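Please examine the sequence and the three-dimensional structure shown here before reading on.

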Amino acid sequence: MKKMIRISAAYLIFGLAAGLFYREATVYTGYTGHSVLALVHGHALSLGALVFLLAPVFMQVFHLQQHKAFHRFVCIYNIGLVLSLVCMTARGVVQLFELPISKFMDHMIGGFAGIGHMILTVGLYFLFRSLWAAVKE
């Protein structure tokens, strides 16, 4: 359970820092348009901090730590979320500072963000698989 709280705290700190960075960077650059960087804050807090803050509750009630699928969830979900957040941050910084990047790099960032979201979906599958197994018991 301590591991889940630590992971949650890490995403909370990252999410708050991302929100602060977005706010200060938009003021500094005078950027008034929509940037993907604005979404990083919410994604980190909801998909990261909130999910891993609820995980210990599920562990206590359903004893999820006994299931292999739950351990797979933790590993796969973290990989997907970190990949998504890194790519979204990169995309947002490029937009905010209007950095010139090639079309290939632009599509690559978007592609990796999409892959990160797909990995998140696989992680959620393992979470619900472990929940289903625990409810059956």
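Predicted model: local features only at pLDDT ≥ 70, side-chain atom pairs only at ≥ 80, totals over all residues.

Residues are numbered from 1 along each chain as its sequence is written, and side-chain values use heavy atoms, with hydrogens and water left out.

Helices are DSSP runs of H or I with at least four residues, numbered from the N terminus. Helix 3 covers residues 68-96 and has 29 residues. Just after helix 3, Glu98 takes a positive phi of about 50 degrees.

Thr29 is 69 residues from Glu98 in sequence, yet their C-alpha atoms are 9.6 Å apart in space. Thr29 belongs to helix 1 (residues 2-29). If residues up to four places away in sequence are not counted, Thr29 touches Leu96 and Phe97; contact means heavy atoms within 4.5 Å. A polar atom of the Thr29 side chain lies 2.8 Å from the backbone oxygen of Ala25 and 3.4 Å from the backbone nitrogen of Tyr31.

Are Thr29 and Leu131 buried, partly exposed or exposed? Buried means under 20% relative accessible area, exposed over 50%, and partly exposed in between (1.4 Å probe, protein chains only). Thr29, at 32%, is partly exposed, whereas Leu131, at 13%, is buried. Leu131 lies in helix 4 (residues 103-136) and, leaving aside neighbours within four places in sequence, is in contact with Phe58, Phe62 and Leu64.

Key
Helix = DSSP H or I, 4+ residues; strand = E, 2+ residues; numbered from the N terminus. Expected span 1.5 Å × (residues − 1). Polar contact = N/O pair within 3.5 Å; in protein donor to acceptor, adjacent residues only side chain to side chain.
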